[in-house]
Amino acid sequence: SYDAETVRNEAVQVPQLVENIYKSQGNQGRFRQLLNNLVFLVADDGTRDEMKNKIFYRLALEAMRSPDRLAQLPEHQQDKVHELYKKSEQELAIIIQQCYRHLFYPSRNNRLDGASVDLAHTAFDLPSVSERPGNGQQEIIKALIENQKLLLANSEPPAPNYVRDNTPLKRGQISTAELRAEFRKDPRFSIMLSDDTFIKLVRLGIEKGLYVYQSGDLLLGKGDPYAEIKIDEQSIVFTNTYAKERNIFPRPVVTPTIERRDDTG
């Protein structure tokens, strides 16, 4: 809420309320595990009062449009009230986007200077915001993509070796469900909007000979034909090194047994 926290352009820092919400969840203040699963949009201190005044102005015009009040005005003034009310919709959309221009998002590499939590900051460009009133959500998505923080369903997956080296997978194995959860927990990673991106990551790791996948009787390694990748606790991703050491993949060569018959009798 704009009444809870604002950001001053001359001294941008993580607001205390934002820091508290980022670190804990619920009324009991439990430690938040999914740190990489939320972003914060905060109002600009210098624009807040103007935004509030625009809202009051539109509400006043809305009140004047009630049938009883309009009936008290001559026709040309009624037309003027309708005109001003329609115009105020765009003006309000613009000022709300101009006010809510500060975005804080999880990032360990780009943490805001002086911050005690892994949050980075970016601010929307005011001219571009004013050109597309009412399109605030797209501005957020655009900013996150530009800062390499958001992966869409059609995005290229992260590098499999980077994921391997920065998750529990480096110990040799992890379920696909646990590995997917790392992207909701770890601020070093981009936020994935779709499981499709994660599945592309696993496939790419297999193709590069870095991962081996096993789910039930299905075993997938480099060179194997296409097969379904599941995200659950029973489906496992191995590192290629781990799979080799334990004779999981490449598959052990089965030597055929030759049965000899004794014909001397």
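**Serine contacts, aromatic rings and a covered strand**

Guide: The side chains of Ser-235 and Ser-215 are joined by a polar contact of 2.9 Å; such a contact is a pair of N or O atoms within 3.5 Å, where within protein one must be able to donate a hydrogen and the other to accept it, and residues adjacent in sequence count only if both atoms are side-chain atoms. The model is predicted, so local features need pLDDT of at least 70 and side-chain atom pairs count only at pLDDT 80 or more, whereas totals for chains, interfaces and linings use all residues. Residues are numbered from 1 along each chain as its sequence is written, and side-chain values use heavy atoms, with hydrogens and water left out.

A further polar contact, at 3.4 Å, links the side chain of Ser-235 to that of Tyr-213. Ser-235 belongs to strand 12 (residues 235-239); helices (H or I, at least four residues) and strands (E, at least two) are DSSP runs numbered from the N terminus. With 0% relative accessibility, Ser-235 counts as buried, a term for under 20% relative accessible area, with exposed meaning over 50% and partly exposed in between (1.4 Å probe, protein chains only). Leaving aside residues up to four places away in sequence, Ser-235 touches Ile-174, Ser-175, Thr-176, Tyr-213, Gln-214, Ser-215 and Lys-230, contact being heavy atoms within 4.5 Å.

Another serine, Ser-190, is found in the loop between helix 8 (176-185) and strand 9 (191-192). Ser-190 is also buried, at 16% relative accessibility. A polar atom of the Ser-190 side chain lies 3.0 Å from the backbone oxygen of Gln-148. Among the residues that Ser-190 touches, not counting those up to four places away in sequence, are Asn-36, Leu-150 and Phe-183.

Phe-183 leads on to the aromatic rings. Tyr-162, Phe-183, Phe-189 and Phe-198 form one aromatic cluster; rings of Phe, Tyr and Trp (its six-membered ring) pair if their centres lie within 6.5 Å, with planes under 30 degrees apart counted as stacked, over 60 as edge-to-face and the rest as tilted. By this rule there are 4 aromatic pairs. One of them, Tyr-162 with Phe-189, is edge-to-face, at 5.9 Å centre to centre and 90° between the planes. This pair links distant parts of the chain, 27 residues apart: Tyr-162 is in helix 7 (residues 160-165) and Phe-189 in the loop between helix 8 and strand 9. Tyr-162 is partly exposed at 34% relative accessibility, whereas Phe-189 is buried at 2%. The rings of Phe-183 and Phe-189 have centres 4.7 Å apart and planes at 35°, so this pair is tilted. Phe-183 is buried as well, at 2% relative accessibility.

Of its 5 residues, 5 are buried, so strand 5 is largely enclosed by the rest of the structure. In a regular strand the side chains alternate between the two faces of the sheet. His-102, Phe-104 and Pro-106 are buried on one side of strand 5, and Leu-103 and Tyr-105 on the other. Strand 4 (residues 40-44) pairs with strand 5 in the antiparallel sense over 3 bridges; pairing requires that DSSP find at least two bridges between two strands. Leu-41 stands opposite Leu-103. Strand 6 (residues 119-123) is also antiparallel to strand 5, joined by 5 bridges, and Ala-120 in strand 6 is the bridge partner of Tyr-105.
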